[in-house]
2 protein chains.
Amino acid sequence: MAEISVELTKTPKKKPQDEHHLPFGDIFTDHMFLMDYDEGQGWHDARIVPYGPLPIDPAAMVLHYAQEVFEGLKAYKTQDGRILLFRPEENFKRMNVSNERLCIPPIDPAFMIEALNKLILVEKDWVPSLEGTSLYIRPFIIATDPHLGVRPSHHYYFIVILCPVGAYYPEGLNPVKIYVETNYVRTVKGGMGFAKTGGNYAASLKAQDEAHEQEYTQVLWLDGVERKYVEEVGTMNVFFQINGTVVTPALQGSILSGITRKSTIEMLRYWGVPVEERRITIDEIAQVADEGHLDEAFGTGTAAVISPIGELKWGEKHMVINSGEIGPLSHRLYDTLTGIQWGKHPDPLHWTHEVK
Amino acid sequence: MAEISVELTKTPKKKPQDEHHLPFGDIFTDHMFLMDYDEGQGWHDARIVPYGPLPIDPAAMVLHYAQEVFEGLKAYKTQDGRILLFRPEENFKRMNVSNERLCIPPIDPAFMIEALNKLILVEKDWVPSLEGTSLYIRPFIIATDPHLGVRPSHHYYFIVILCPVGAYYPEGLNPVKIYVETNYVRTVKGGMGFAKTGGNYAASLKAQDEAHEQEYTQVLWLDGVERKYVEEVGTMNVFFQINGTVVTPALQGSILSGITRKSTIEMLRYWGVPVEERRITIDEIAQVADEGHLDEAFGTGTAAVISPIGELKWGEKHMVINSGEIGPLSHRLYDTLTGIQWGKHPDPLHWTHEVK
């Protein structure tokens, strides 16, 4: 296993004083992890260095052809001062799935967990303590060959940056209003939808913008082929509880394999709640809503963990779910998953990893 | 109209000596054009500065969410020493179409043509003279907010870099072998296929890699919905001559509106050759090939101009087109378009723009 060199900053930043008002994704810590890839040499020169701008050639392929992948996870501080990660091995395994689709060389997940541990220990005073706060971790890979033809790059940077973030819901867990997107498509089978790569997010911006103009929080994406199967909600996976059974779209190539999605399914099974991964049409959702059988709906993702959906708009049809209130299942899942993440609850499925 | 400041390099690079062996996309000139966008301020600080690395924050949105668009065109040196551009207004108009889809603020095409003129005059000694060589021009916009949430950026760079390039076919215009892609999808209606943005190219890398492994030059993309309508070939638009009539896929949201495509259609009409923009299934192509009615096939794009297709493989079926030779129509189009671009032929449709 390669050495990881450490160069500490000589000009540490002032840490945020008010953990009640931490923004999401705007404050970065003093250091970052960096590693190079060169064809013939593999990944090399793993290092922890002061956070700062990267000198990037204007012809770097990432700026033109979006050959880039990323991950997102969090470090949580427990009440007794330990720092926990939540299933980090899943992130680095998924990163290799994204790498394969984007023609980026694979990374070693075990080495990356070691590197991440080391980076977080250097930055341990940046992990906020207030309830609901955490240290957001963003590993990403970018193609840096200065070359203007379309082909996989021969050089890459692997970078990890860290970002103390506030509670995603500073005013509590409020259900969001979502509309069903019938014009734009996020991705399609045969495309890159299952990979965590910039292009999927670029494709989603316009629909998100239009949703905000109409005072909706996000859109519910339908499949790009038949435009009837439910896929994701904004940048989250989506779940519905129908007559007691929880259903979520099956992974079929166009849906991101979310780690909160996987954890939600596993926790529901652990509890004995029936859960199905299958195709779900928007017509089915509308029908069960009409019949009074749509108990709850929620999105799952790293940032929000569980995001209850209070209203779905599909064309002229408005479906109010659980009277626009948080349902008991969403609440139980939120409390359990966040309880495990912050070390307040037992961890029966052994998901947390202590940084030490 | 804003001023464009100029800061000349103090360390000019050595220009390539051997124009017979210019690579494509690896050599960059001494200067680049740069302009900032800030919310509330608009595009500002247009400037020509020495070419060099950009200091980019590792959290810059382009590196994570691929909010980026680009264009590609060329400057050509005529035998009497003038420098011509080919329909540059079309590139900047199309850039605004891409911008709109990617939630990037629009640019002023007239100003950009002025800026491009100025940049090329600064770099006029970098425009190569040898037959078939040119100065490739890459305007692009990248989102640079250091922010890890998914939303349109509030700051952008507009950059133009220049790259002397060799003849695309140093050994002459040889027909290429293409296979019909039935697994991967480039884009789909409702997606970003009509925009010139990184994500579409990232999505294409894997298929291109697999084509190369099978010793094919590129893939022919089918639509992502029914997987039967022909869309593009590699990074080019595609044309077929069937029984004397030229057909090309109609623009329906998933196909890039190529400027060489448009020029090909207009030139064919000028010549009185029948040309149709419509949906074309791969079954129709296979059928007319079997019946001996597929006269010619070719791709169109800025880099290659006209790229004749000598063979199409679709599953187990091999279609050899015009005995694998360049057809007379492909040849006439190539000679005419490149003749206009290099100022050797009359320009009946007024496509060229002299840099002065």
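Me: What should I know about the numbering and the model before I start?
Reply: Residues are numbered from 1 along each chain as its sequence is written, and chains are lettered from A, with ligands numbered from 1, in the order in which they are written. The model is predicted, so local features need pLDDT of at least 70 and side-chain atom pairs count only at pLDDT 80 or more, while totals for chains, interfaces and linings use all residues; side-chain values use heavy atoms, leaving out hydrogens and water.

Me: Now strand 6 of chain B: which residues lie on its two sides?
Reply: In a regular strand the side chains alternate between the two faces of the sheet. In strand 6 of chain B, Leu73(B), Ala75(B) and Lys77(B) are on one side, Lys74(B) and Tyr76(B) on the other, and all are buried (under 20% relative accessible area with a 1.4 Å probe, protein chains only). Five of the five residues in this strand, 73-77, are buried, so the rest of the structure largely encloses it. Strands here are DSSP runs of E, at least two residues, numbered from the N terminus, and helices are runs of H or I, at least four.

Me: Which strands pair with strand 6 of chain B?
Reply: Pairing takes at least two DSSP bridges between two strands. Strand 8 of chain B (residues 134-143) pairs antiparallel with strand 6 over three bridges, with Lys74(B) opposite Tyr136(B). Strand 7 of chain B (residues 83-86) also runs antiparallel to strand 6, joined by three bridges; there, Lys77(B) partners Ile83(B). Strands 6 and 7 of chain B form a hairpin with five residues between them, and Gly81(B) in the turn has a positive phi of about 85 degrees.

Me: At what angle do helices 5 and 7 of chain A pack?
Reply: Axes are lines fitted to C-alpha atoms, for helices over the stretch in contact, and angles run from 0 to 180 degrees between N-to-C directions. Helix 5 (residues 259-271) and helix 7 (residues 328-341) of chain A pack at about 110 degrees, axes 11 Å apart. They're therefore roughly perpendicular (65 to 115 degrees).

Key: Buried means under 20% relative accessible area, exposed over 50%, partly exposed in between (1.4 Å probe, protein chains only). Angles under 35 degrees count as roughly parallel, over 145 as roughly antiparallel, 65 to 115 as roughly perpendicular and the rest as oblique.
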